[in-house]
Amino acid sequence: MHVIYLAGGIASGKSTVARVMKELGAEVIDLDDLSRQALAPWSPIIPKIVEEFGEDVLRSNGLVDREKLAARAFATMERSVTLEEIELPVIDDLLRMSIAKLRDEETAEREKNPDAPEKIVVVEIPLLDRMRGSFDMADEIVGVLCPLPARRARAIQRGMKPGDFDCRREKQPTDFYIRAHANYVFNNIRPMDVFEQQVRDWWKSREEAGWAPVPRGGVHGDVEKA
């Protein structure tokens with residue numbers, strides 16, 4: 001099995017890359033989905049969430065009001081760090097379990113058919129620097145960059161308030177960080193059809209190479225080498 005960490009900031013085009021890779025056969029794990037699972041009513045961290053952010057972050061049905069929680073968590077860097085310290089260990093555990101399950105499925109498939117194709121797993125990650133403790137699970141890291149004005153305009157067009165975008169963007173890893181830790185970087189500056197074809201071309205080249213190991217921080221797309 002080959003695991004790709006797909007990293008990019010808010011409105012960078014990361015979800016587009018994940019969608020194209022899924023169409024090409026990848027199994028996609030979205031950390032936002034794992035975050036929702038981490039905040040499920042039965043999660044062991046719910047009491048700590050309530051203690052730190054208030055009882056009213058829980059709705060009457062027991063579900064966490066994610067918008068209210070986000071508003072309080074993103075109010076200050078200190079509050080953001082508090083939420084991450086509570087939530088990230090659970091997300092890490094859920095990610096490891098998800099990858100282990102897919103690995104078991106691949107093993108079972110190959111027991112039935114030795115020629116069964118290798119699973120390619122794409123983990124969609126908005127905050128790459130917060131996941132450095134789980135880099136051991138990634139066979140390669142792919143970054144998605146996009147000029148900040150385009151990202152901001154895209155987010156606002158989707159309904160996000162400018163202030164909310166700026167606040168979230170400031171708490172995300174820099175382009176430099178993504179370049180430094182990625183094996184390859186897509187620069188989302190072209191029309192959508194061209195951008196999507198870039199992803200398909202990259203996938204084909206990696207597939208033809210048998211998903212062989214590549215150096216981290218040494219192979220880039222439309223950006224200069226780190």
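Let me begin with helix H6, residues 148-157, and helix H7, residues 162-170, which pack at an angle of about 130° with their axes 9 Å apart, where axes are lines fitted to C-alpha atoms, for helices over the stretch in contact, and angles run from 0 to 180 degrees between N-to-C directions. This is a predicted model, in which local features need pLDDT of at least 70 and side-chain atom pairs count only at pLDDT 80 or more, while totals for chains, interfaces and linings use all residues. Residues are numbered from 1 along each chain as its sequence is written, and side-chain values use heavy atoms, with hydrogens and water left out.

Helices here are DSSP runs of H or I with at least four residues, and strands are E runs of at least two, numbered from the N terminus. H6 and H7 are therefore oblique to each other, given that angles under 35 degrees count as roughly parallel, over 145 as roughly antiparallel, 65 to 115 as roughly perpendicular and the rest as oblique. On the H6 side, the contact (heavy atoms within 4.5 Å) is made by Leu148, Arg151, Arg152, Ala155 and Ile156, and on the H7 side by Pro162, Phe165, Asp166 and Arg169.

Now to the backbone. Ala11, in the loop between strand E1 (2-8) and helix H1 (14-23), has a phi near 60°, a positive value in a residue other than glycine, and Ala11 is buried at a relative accessible area of 7%, buried meaning under 20%, exposed over 50% and partly exposed in between, with a 1.4 Å probe and protein chains only. Trp211, in the segment after helix H9 (192-208), likewise has a positive phi, near 55°, and Trp211 is buried, with a relative accessible area of 9%.
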